[in-house]
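How do its labels follow from its values?

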Amino acid sequence: MTPKEFFDFAKEHGAEMVDLKFTDLLGTWQHCSYPIDTWDEGTFEDGVGFDGSSIRGWQAINQSDMLAVPDASTGALDPFFAKPTVSVIANIVDPITKEDYTRDPRHVARKGIEYMKQTGIADTCYVGPEPEFFIFDEVRYDQTQNHGFYEIDSVEGAWNTSRIEEPNLGYKPSYKGGYFPVSPTDSYHDLRGEMVYKMRELGIVVEAHHHEVGTGGQAEIDMQFADLLKMADQFMWYKYVIRNVAKAAGKTVTFMPKPIFDDNGSGMHTHMSLWKEGQPLMAGDGYAGMSEIGLHAIGGLLKHGRAVLAFAAPTTNSYKRLVPGFEAPVTLAMSQRNRSASVRIPMYSASPKAKRLEFRCPDPTANGYLMFTAMMMALLDGVQNKIDPGDPLDRDIYEMTPEELAETNTTPASLEEALDALEKDHAFLTQGDVFTDDLIETWISYKRENELDEFRLRPHPFEFSLYYDS
């Protein structure tokens with residue numbers, strides 16, 4: 001869509017407003033709306049001004065002025081405004097130098113794609129994430145000097161089998177019992193369907209939706225794979241659609257990896273493959289039908305996996321899901337079919353076009369622009385340096401002894417460990433100036449100061465159970 005086509009599209013749909021969106025450092029959409037008659041085709045070159053100091057992780061107050069330059073090709077009719085409104089995603093630009101802003105996550109993804117092409121290894125990186133989420137009826141939480149708690153509730157919660165519901169009909173998915181049940185146990189089929197219909201209106205191709213393993217309304221909606229930048233944009237729409245459809249139905253959605261104790265958390269298994277000139281590069285006659293390029297790409301992801309997780313599992317809550325012996329893989333090894341390895345090679349199809357890797361450690365709190373690009377940069381580094389992925393681990397890792405596990409490479413045990421890993425291992429990310437040192441340093445310092453340090457300061461409710469009468 002060109003700028004002219006953008007305005008024609010708006011006129012066709014009777015839209016008198018345009019909603020400009022962009023993504024902050026942590027992966028949250030920001031927006032501002034404008035009467036469409038205040039824009040012209042020049043706006044798509046000149047941009048519109050905003051206060052960059054009010055955006056998390058961005059500018060200091062003495063250098064606050066920034067420009068948001070809309071990308072006309074991202075124009076779409078926003079499904080959640082009362083009156084027709086055309087939405088457009090922006091790139092962020094410095095108003096003085098007119099250069100793209102290095103802390104703009106979308107700019108990082110765009111640079112990553114250009115770097116991939118410059119290497120000559122590939123010209124397309126396809127990404128297929130599988131985000132999971134919980135649909136709750138209510139959430140309450142607070143933290144003060146003398147008070148700290150959270151409480152969630154769901155009509156589907158297994159803890160509600162004894163609740164007086166006048167009548168309680170008992171159709172509650174059990175703990176770890178929510179995978180693929182039909183109605184009436186799956187009571188959210190129609191709500192997920194409405195989410196899918198909204199996505200389809202936006203041009204997002206959805207492959208499937210279903211109830212997930214956890215009780216309390218865990219769900220998954222899978223988008224068809226797309227090139228990296230398109231998928232990163234779609235991931236923003238994905239969260240936006242799901243939250244707004246849920247709210248309209250009187251529900252609330254969370255993408256937190258581990259909101260429920262002692263049940264499955266929400267991950268975002270991410271499939272990725274490299275292509276060149278319309279041909280897949282991952283298929284061959286090696287292990288699990290992988291090519292040499294594919295195996296070296298996996299080697300790069302395994303080598304840099306701990307650093308990548310600083311972007312792919314970026315919250316303190318992420319590491320309550322990535323726990324040895326539970327449902328999420330923590331062993332940085334590859335395997336065909338084995339879902340207890342961090343990198344799985346799906347074996348559903350013999351077609352070379354379907355050959356890909358699946359990284360099973362990420363979760364949907366990630367900023368897709370940064371996470372997908374970091375994964376791709378690890379793959380490219382593996383190919384460039386012919387990194388050996390090591391022997392496949394095809395046995396059930398959950399049955400391995402502690403001594404056996406001690407000999408394997410594992411994911412970080414905490415966000416702090418992941419940030420430490422990123423601090424030590426990020427040269428693969430700064431190749432081609434894709435991730436700048438400034439962005440990496442800002443990410444690490446923001447996470448340490450605003451999340452880790454703040455988390456350390458606060459007593460946890462369970463500590464009262466453990467230590468109050470010590």
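Predicted model: local features only at pLDDT ≥ 70, side-chain atom pairs only at ≥ 80, totals over all residues.

Residues are numbered from 1 along each chain as its sequence is written, and side-chain values use heavy atoms, with hydrogens and water left out.

Q: Why is Ile36 called buried?
A: Its relative accessible area is 13%. Buried means under 20%, exposed means over 50%, and partly exposed lies in between (1.4 Å probe, protein chains only). Ile36 is therefore buried.

Q: Where is Ile36 found?
A: Ile36 sits in the loop between strand S2 (29-35) and helix H2 (43-46). Helices (H or I, at least four residues) and strands (E, at least two) are DSSP runs, numbered from the N terminus.

Q: What does Ile36 touch, not counting residues up to four places away in sequence?
A: Its contacts are Phe6, Phe7, Ala10, Ala15, Glu16, Met17 and Val18. Contact means heavy atoms within 4.5 Å.

Q: Why does Asp40 count as partly exposed?
A: Asp40 has 46% relative accessibility, so the label is partly exposed. Asp40 also lies in the loop between S2 and H2.

Q: What makes the patch of negative charge on the surface?
A: Asp40, Glu41, Glu45 and Asp46 gather there. Patches are made of residues with over 30% relative accessible area and no salt bridge; like charges are joined within 9 Å, and nonpolar side chains (Val, Leu, Ile, Met, Phe, Trp, Tyr) within 5 Å. Asp and Glu count as negative, Lys and Arg as positive, while His and the chain ends are not counted. The place of a charge is taken as NZ of Lys, CZ of Arg, CG of Asp or CD of Glu.

Q: How do you know that Arg106 and Asp71 meet in a salt bridge?
A: Their N to O distance is 3.2 Å. A salt bridge is a side-chain nitrogen of Lys or Arg within 4 Å of a carboxyl oxygen of Asp or Glu, so this pair qualifies. The pair links distant parts of the chain: Arg106 is in helix H3 (residues 105-119), and Asp71 is in the loop between strand S4 (65-70) and strand S5 (76-77). Both Arg106 and Asp71 are buried.

Q: What makes Arg344 and Glu358 a salt bridge?
A: The closest N and O atoms are 2.4 Å apart. This pair, too, links distant parts of the chain, with Arg344 in strand S17 (residues 341-345) and Glu358 in strand S18 (residues 357-359). Arg344 and Glu358 are both buried.

Q: Why are Arg456 and Asp453 separated by about one helical turn?
A: They are three residues apart in helix H12 (residues 437-457), which means about one turn.

Q: How many salt bridges does the structure hold?
A: It holds 24.

Q: What is the nearest side chain of opposite charge to Glu130?
A: Arg360, 5.7 Å away. Glu130 is buried yet has no salt bridge. Glu130 lies in strand S7 (residues 124-136).

Q: Why is Tyr141 called exposed?
A: Tyr141 has a relative accessible area of 64%, so it is exposed. Tyr141 is in strand S8 (residues 138-144).

Q: Which residues make the nonpolar surface patch of about 530 Å²?
A: Val139, Tyr141, Tyr150 and Phe261 make it. Accessible areas come from the Shrake-Rupley method with a 1.4 Å probe; for residues, only the protein chains shown count as cover.
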